[in-house]
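Visitor: I'd like a close look at one spot in this model, please. Take me there, then show me what lies around it.

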Amino acid sequence: MVTKQLRGTAENADLSRADSLAREIFTDIANKWAFLIIEALGDGTLRFGALRNEIQGISHKMLTQNLRMLERNGLVERDVHPTVPPRVEYTLTEPGRALRAAVSGMCGWTQRYLDHIEAARNRFDAV
């Protein structure tokens, strides 16, 4: 992925612009796996295996790709301990913890309106 080179401009922060860095970042983090990783790491530092166990259904490949993307965007820190085999731990950074507040809000919204959404889907699918 090539990062946009619009640093320091108002257009850089404009989510409505296809060429903005903000849109690129939003596209990176606005996926179910990234949200679930951020939510899981919100309770503290986890090793790869523990993180994978927390997120049912995520493959090794998807967890690896999303952790790398979150690390690249400065939302997750990767700490490698020099042991044999190496012990790798993941922790949210300050911006990651701030994003976790928004993700937690979305999780709460989903739980609050789950019955409403399920009923709407049932009505829609019945037509």
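Where is the place of arginine 100?

Guide: Arginine 100 has its place in helix H5. Before we zoom in, this is a predicted model, in which local features need pLDDT of at least 70 and side-chain atom pairs count only at pLDDT 80 or more, while totals for chains, interfaces and linings use all residues. Residues are numbered from 1 along each chain as its sequence is written, and side-chain values use heavy atoms, with hydrogens and water left out. Helices (H or I, at least four residues) and strands (E, at least two) are DSSP runs, numbered from the N terminus.

Back to our arginine. Arginine 100 counts as buried because its relative accessibility is 18%; buried means under 20% relative accessible area, exposed over 50%, and partly exposed in between, using a 1.4 Å probe and protein chains only. The side chain of arginine 100 makes a polar contact with the side chain of glutamate 39 at 3.4 Å. A polar contact here is a pair of N or O atoms within 3.5 Å; within protein, one must be able to donate a hydrogen and the other to accept it, and residues adjacent in sequence count only if both atoms are side-chain atoms. Leaving out residues up to four places away in sequence, arginine 100 touches Ile38, Glu39, Gly42, Asp43 and Leu92, where contact means heavy atoms within 4.5 Å.

Now follow the helix itself. H5 covers residues 94-126 and also holds arginine 123. From arginine 123 to alanine 30 you'd count 93 residues in sequence, and 28 Å in space, C-alpha to C-alpha.

Next, go to the loop between E3 and H5, where threonine 93 lies. Threonine 93 counts as buried, since its relative accessibility is 13%. Its side chain reaches the backbone oxygen of glycine 74 at 2.6 Å. Not counting residues up to four places away in sequence, threonine 93 touches Gly74, Leu75, Val76 and Glu77.

E2 and E3 pair over 6 bridges in the antiparallel sense, and a hairpin of 5 residues joins E2 to E3. Within that pairing, glutamate 77 stands opposite threonine 91 in E3. Meanwhile, E1 is joined to E3 (residues 87-92) by 2 bridges, also antiparallel, and arginine 47 stands opposite glutamate 89 in E3. In a regular strand, side chains alternate between the two faces of the sheet.

Methods. Two strands pair if DSSP finds at least two bridges between them.
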